Amino acid sequence: MSDYRVLPGPEHFLPPAAASMGIRLPNPGEAHINGVIAPEEKAYEEAARQFLMAKVPTIFPGPLVLWAWNEKAAKKATAVRHLFNTLKECVQPGQSPMLIPMPDYRPKYPKINPEVEINPNHPNLTIWHNKIDCCMFIGVHCHQANLSLKIIRGGTSCYTIAMCAQAGHEDAMLSFRDASVDKIMRLAETVKRLKGTVQPRLATAKSGASN
Amino acid sequence: MADIKSIIGTQNKKGQTYTDTWKMMNEAPRTPSFYTGSEVIKEAIRRASCDVMIAYPITPQSEAAALIGELFAEGYIGDYFRGESEFAVMSQCAGAAFGGARVFTTTAGPGTMRAMENFPMWAGARLPIQMIVTCRGINSPLSIQPDTLEIAYLLSTGMLVWHAETAQDFFDWILKGYMVSEEPDVHLPLALCCDGFFVTHTKDVVNLTPADMCLPPYDPYRSPVPCMDMECPPVRMMRDPFVMKSNYISYATHASWQQEIWAAIERSRKHSIHWLNGLIDTENTDADIMIVASGTAVSQGREAIRLLEDEGVRCGLVKVKTLRPWPEEEIREATKNAKHIFVPEFNVTGWLAKEIKATIPNHERVHAGPHVCGGMTMPPEIIVSEIKTTLGMKSFSLAGRGS
């Protein structure tokens, strides 16, 4: 097993892809936390704990759930909205959950507006601008998610979670695989269950996830 | 598109049954058939549920392109046409794959080199195209005889690169190759190479799966990048093509993009092991002398081992099946007991020996050779001679064989 661990950065001017450091994706029924394969149950707890600890916990929904291009996508979008609402209900004063879309992957000129969107070609701008210290990707095509996750790990201290509909993401600090409506709802339930049991990082939070 | 699992058991327009690939490859009855390698390619594609095949007809290494034209005429391929050049073919393959088709093509030698610009583009665009490379000489004076030098150029393109030894490998790996390269965490093109003429033009007994079974169709909606379905909203974001504005993205993105391609090759390791039963095959790994080879050099190495056994010299063998992903740990483990490692190759530069030297400890154990190139055959006796000479045993010169 690799000694490398996928941890919040800023890691390096150009951090390696976690897969090239020997990190392997989970099999069905599993997740990974910091690059170590873990039972999915443990990942729900850790993801909820990270959300509840963060000063600006943020969900980044991508095109696969932003557009109602099939019935499943529409249901997932409703579940994501439910997770966000749950997060808002469960955080303490001073914590500011956000829902910022990744509507597309186009390079933007002269630059994106980091208040309203995140873009995989410079995701660090949105993280820095909003001082996001924990985020979850969902509905982002895997290739674009991996680019973003690695750039975020390279240049920010943001904790990253991937709720992936396919095989998962080594470049996130925590990754689920085979994401479904049930899994999103289960994460929301876990956040609700842990409400009030997790100490937010408010006192120690730096200026978001700066470099 | 319907879920793939719901398609299993249904029939395509030719009456073939979409079959679970693991069952088709490992449990279905096999029929021994006496075919050339080119005919075997045709038979594999008959069962591959390919949507599009594009070819440029300057590949005398293989008749596969023409034979697959027959498949199109019979209705087994969705579309089939000739490109204006090898470069055009590979660009057209990209277009078809961008649109969500399962794509197949074949090339060789100078054709591979002419089309080279497309291969890193395929990988960067995450297009799971399968390309058969029936290796031939690439240099001037032109040769249509086998030579594996072009593989050296493919190794750094970001494609998966496998090297088949036999026509049986070819048949099985064409079908299994789609399963690996279409995994969403891999989703890369595959260059499935063989030594032209030796594999493509000689006949061999190949065990074929039933012709009324075929692979499940490709599901482009599992792709890690959006496929170009102009009817469905996720693609409309591509109205400003990425390539047109790539100068507006950060260099960190360009770098991360390349890293992601090589990460995907790493991810293919797990799937390749599953489908190919390991990235290498081994024999006698406790021997002091090992032959490590890929392609038909494996067959010649196997025969050399038999000849050496007759003389009381015990020798082991490593057959390298995948070059990308590179079986680093497997080769290190298989050669850990070896005092001498011989790497016979059908090319002048010895790219496989260089890869192995960069992989194992105490690489002075690696003897890069024997080499032949330009279409020469590699008699097992010259491998025997190389080994015996290194061991200080008397060996007769084979220099007169070519006269």
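How many residues does the contact take from chain B and from chain A? Here are my notes on this predicted model.

1. **The chain contact.** Chain B brings 30 residues to the contact and chain A brings 28 residues; two residues are in contact if their C-beta atoms, placed from the backbone, lie within 7 Å. The side of chain B that touches chain A has 16 nonpolar, 5 polar and 9 charged residues. Here Ala, Val, Leu, Ile, Met, Phe, Trp, Tyr, Cys and Pro count as nonpolar, Asp, Glu, Lys and Arg as charged, and the others, Gly among them, as polar.

2. **Confidence and conventions.** The model has an ipTM of 0.93 and a pTM of 0.94. Chain B averages a pLDDT of 91, and 92% of the residues score at least 70; pLDDT is the predictor's confidence in each residue, from 0 to 100. Please look at residues 232–237 of chain B, where the pLDDT is below 50. Residues are numbered from 1 along each chain as its sequence is written, while chains are lettered from A and ligands numbered from 1 in the order in which they are written. Local features need pLDDT of at least 70 and side-chain atom pairs count only at pLDDT 80 or more, whereas totals for chains, interfaces and linings use all residues.

3. **The sheet in chain A.** Seen in order, the strands of this open sheet of 7 strands run β2-β1-β7-β6-β5-β3-β4 (chain A), with mixed pairing. Helices (H or I, at least four residues) and strands (E, at least two) are DSSP runs, numbered from the N terminus, and two strands pair if DSSP finds at least two bridges between them. The edge strands of chain A are β2 (36–39) and β4 (98–99). Strand β3 (residues 57–61) of chain A pairs with β4(A) in the parallel sense over 2 bridges, and A:I59 stands opposite A:L99 in β4(A).

4. **Two domains in chain B.** The domain assignment gives chain B a domain 1 (4–222) and a domain 2 (282–402); such bounds come from an automatic or database domain assignment. Their C-alpha centres lie 29 Å apart. The contact takes 20 residues from each of domain 1 and domain 2 of chain B. On the side of domain 1 that touches domain 2, β7(B) gives the most, with 4 residues.

5. B:D310 lies in helix α11 (residues 296–310) of chain B. B:D310 is exposed because 8 other C-beta atoms lie within 10 Å, and exposed is the word for 12 or fewer.

How values were computed
Buried ≥ 20, exposed ≤ 12 C-beta atoms within 10 Å, placed from the backbone.
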